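Reader: I am new to this structure. Please show it to me, and then take my questions in turn.

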Amino acid sequence: MKRLVVGLLSTSVSAVALLIAAPVQAQSQPVAAPDAAEDADTPSVVVTGSRFARRTVSDSPVPIDVIGGEQLEVSGATETNKILNQLVPSFNFPQPSLTDGTDSVRPATLRGLSPDQTLVLINGKRRHSSALLNLNGSVGRGSSAVDLNQIPPIAIDRIEILRDGAASQYGSDAIAGVINLQLSRKPGISASVTYGAFDTRLNGVSQVTGVAVGANGLPIVATPGGTTNDILRLNTTGRDRALNDGHTLTLATRLGLNLGDRGFFVLSAQFRDRNPTNRSGPDPRRQFPTVGDPRELTIDRYNHRFGDGKVVDYNLFWNAGYELMPDVDLYSFASYGIRDGDGAGFFRRANDPRNRDFAASTTTFVPFYPTGFLPLIASDIEDISAAGGVKATPGEWTVDLSLVYGSNELNYAVENSFNTSLGGINSPQRFDAGGLSSSQYVVNLDFTRKLNIGFFKSLGLAFGAEYRSENFQIREGGVASFINGPFSVAPFNAPGGSQVFPGFRPNNRVNVNRANWSGYVELESEINDQLTLQLAGRFESYSDFGNTVNGKAAARYEPIKGVAIRGSVSTGFRAPSLAQQFFATTSTNNVVINGVAQLIEVGTFPVNDPVARALGSQPLRPENATNYAGGLALDFIPGLSITADYYNIAIRNRIVLTENLTGAAVVAQLLANGISNVSSARFFINGVNTRTQGVDIVGTYRFPDFGLGKFRLTAGFNYNDTQITSRAALGIPSLANSVLFGRTESFRLTDGQPRDKLNLALDWTLDDLSVALRTNRFGRVRSAGSGGVTVINGNVNIPAFGSQPGDLTLTPKWITDFQITVRLFKHYELSAGIDNVFDVYPDRTPTVAGFTPNSFFLPYSSLSPFGFNGRFLYLRGAVNF
């Protein structure tokens, strides 16, 4: 019903937009629009990073990127995260697969840090985070982040990315920086239809024609694996597999109205229907329990689904403002989003023990799904936000009072699965696996004023207070989704719960709250025409872990016109999220134990759970950061702007999810606490200290007019290096040989994102024709195996990269995008483009010794910073009045 309402409303917006296009076009003088309406040659003006007079990017004492709304349209992607990955060198958005709910809510990062170490604002107000906690093998494991893809590009006027620590100004999470999305205030009508699909050839993945057969008529075994896990020899065409999939339709509309001459109202809507992609390789493993089964020769060997999941998105945004009386303005903005998505798990072969139907026979292996099955995790996400406030200017003061509410609810269903422990006759094939929800209320009261003090050119004072209330809940699933049925006991030992994602159990239920108060003060002064200083301090008090104080000092000095030196030093923090403190579940993970890939049940316990405490957990403390930065800003040549900044971010007490702790001692602890059929446990800890250093260089050049149209060249470079400087000690005698944070996760933290990234773009406009050419170089990424870790006297030794089986280096790759746009009859545009013109893929995962058989059918690493879907072709039609 909700989807019907949102769909009808989206359609209505489009219809109304077309009906009133002419009257809107005829209006004489619209309400003043924000910066996006400025001429393209005007320097970008920003509001992030300072509460006083707006500055240009080059005037700011800290580095800021500005992405205009028109830049968001030069891509076949209609997801905000994907677009930012193409435009911002310090932004990373890998697109993992086979990672449960993360397939539907993929996290992004800034400067190689965790997704939850970047603060997201909408119109300068804190945005709520997703309810999802990333638990499996992806960048950002253990984090909950804001879902930027809930914010459609058409609703955005511009995006400001502050690349500096700002917790003393904005509060928790602003360690890597701040992303501030300014919503559109433009009057008029905009609507677009985008349709595209992937047309690609998978690098290193052969097109299979069948199974090689010996003289005896049986499949030829290439690598023996004890019959069940034999690797069979496959026949191929000798060419890479060609695919056309991922067909995506996006409908987007924005309707902007003037409320007389005193206000504005903008309503934006987007509908996106993205079909799944599949980049799996052929599965050469024996599929059936009986040697000689004729189906072994005819079964579809592309039995996994490795790529983008199926997603349908509905998103609505409004942005409004009204001058109630002179010097008193009301404002409001809100959003509502629904996402229906699914992601696949690992394929269960017909001969998989998890596919055994004990209800059919307890003595003979009878598969429940005759040819195996691919379980799916369906995610139903509802995202709501509403904000309102009043801004007044009594005398020389500016006062801003606001209230913001945000919530995100994620409900899981498991499809095409079954509970082995119940037996086929008693088990459903679709399960309600429960859900997660998070919400927050934020109240802000801000005061700003310019002071007249003779020896300062200008002096600004700002102070204010914030109250924030947060809630996190876990809803239990249906009984069949988590129960250990009659066949879970010996001698059957069948796994309980819905396969791929066992439902949340009654003892996983959580409904927890916390609150925090904060106050801040900020001073900013232009001492003279050359020197600007900025000071900020903030105190916060949390109901769960206590108090924190943070500060910042920044300066900019311009000794020569157009040449400026800038720098900052700040402290910051990130509060442990409620999800990290209270999340509990059991799930199915594919892990490597002694070089063998296995599906095991994993228990994730809250830090205050008796099991977690027995295994060494402690109450989580906030992450603390110290950030040093310095750089240059050059704009002394007309049309040319260059900024270069160095950063050094030391983070203490980083919150990480432990390894899957396995072994007899762990199982004994679980059984002692009444948890059966769970062979592994993990929990959150303040596990590591890190240091991240890097350089950002950004340049733009607008060519002089020489009669061939407007040319603009943009370049951006980021170099980023993260090192673990210390680790938490493991102090449980019975688990002395266990590792809390092992080799795979250590390298994912330090080397799982590009060491460097280069963005180059050329934009050309001549009359009604425009062309955009962009190319991005994604630097080296490393994916590490898990072996070789030793612990001596509590000291963890992580073997160097390249010394262990399973180590894989993803070499640098260039990804090139192209778009051409023609304007027709002034108000209409037609665009055609190609993302990833040369159909580039990440390095193929080897299938040699040292890598698991999974490499045959999962050919690419989920750490690839540009995904692994290949070339995307698209067309877009747009209308603007």
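Author: Buried means under 20% relative accessible area, exposed over 50%, and partly exposed in between, for a 1.4 Å probe and protein chains only. The model is predicted: local features need pLDDT of at least 70, side-chain atom pairs count only at pLDDT 80 or more, and totals for chains, interfaces and linings use all residues. Residues are numbered from 1 along each chain as its sequence is written, and side-chain values use heavy atoms, with hydrogens and water left out.

Reader: Is Q534 buried or exposed?

Author: Q534 lies in strand β22, residues 531-542; strands (E, at least two residues) and helices (H or I, at least four) are DSSP runs numbered from the N terminus. Its relative accessibility is 4%. Because buried means under 20%, Q534 counts as buried.

Reader: With which side chain does the side chain of Q534 make a polar contact?

Author: A polar contact is a pair of N or O atoms within 3.5 Å; within protein, one must be able to donate a hydrogen and the other to accept it, and residues adjacent in sequence count only if both atoms are side-chain atoms. For the side chain of Q534 the distance is 2.9 Å, and the partner is the side chain of E524.

Reader: Which side chain makes a polar contact with that of S402?

Author: S402 is found in strand β18, residues 397-415. S402 is buried, with a relative accessible area of 4%. At 3.3 Å, its side chain makes a polar contact with the side chain of K125.

Reader: How many residues of helix α9 are buried?

Author: Helix α9 covers residues 743-751 and is mostly covered. The buried residues include R743, F747 and D751.
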